[in-house]
Amino acid sequence: MRKLKKELWPNSVEIHLDQYHARHAVIEEWLGDNMGAFKGRWNFVPHHSGVCYYFRNGKDSTMFSLRWS
């Protein structure tokens, strides 16, 4: 599984495939509205069991976790 550099993306939240599949468009729209453009404050890496979202700061990671996991 691919992982992003911890120095750049120290915080991550994994969403399992069964939870992600039906909501991916809504999740990414929410991220854009609340955290700006892709690869600014957030990033993601899909893998076989789901998607791992990465964040530059812990506050964003916590806010995402409370909303989506």
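Helix α3 lies across strands β1 and β3, running at about 20° to β1. Axes here are lines fitted to C-alpha atoms, for helices over the stretch in contact, and angles run from 0 to 180 degrees between N-to-C directions. Helices (H or I, at least four residues) and strands (E, at least two) are DSSP runs, numbered from the N terminus.

This is a predicted model, in which local features need pLDDT of at least 70 and side-chain atom pairs count only at pLDDT 80 or more, while totals for chains, interfaces and linings use all residues. Residues are numbered from 1 along each chain as its sequence is written, and side-chain values use heavy atoms, with hydrogens and water left out.

Take the sheet next. It is open, has three strands in the order β1-β3-β2, and pairs them in the antiparallel sense. β1 and β2 stand at the edges with a single partner strand each, so one side of each is left without a neighbour in the sheet. From one strand to the next, the twist averages 20°. Two strands pair if DSSP finds at least two bridges between them.

Now the individual pairings. Strand β1 covers residues 11-16, and six bridges join it to β3, antiparallel. Within this pairing, S12 has Y54 of β3 as its bridge partner. Strand β2 covers residues 42-47 and also pairs antiparallel with β3, again over six bridges. Here F44 stands opposite Y53 of β3. β2 and β3 form a hairpin, with two residues between them.

How enclosed is strand β3 by the rest of the structure? Six of the six residues of β3 (residues 50-55) are buried, so the strand is largely enclosed. Buried means under 20% relative accessible area, exposed means over 50%, and partly exposed lies in between (1.4 Å probe, protein chains only). In a regular strand the side chains alternate between the two faces of the sheet.

Back to the helix. α3 spans residues 58-68, and D60 has its place there. D60 is buried, with a relative accessible area of 3%. Leaving out residues up to four places away in sequence, D60 touches M35, R41 and F55. Contact means heavy atoms within 4.5 Å.
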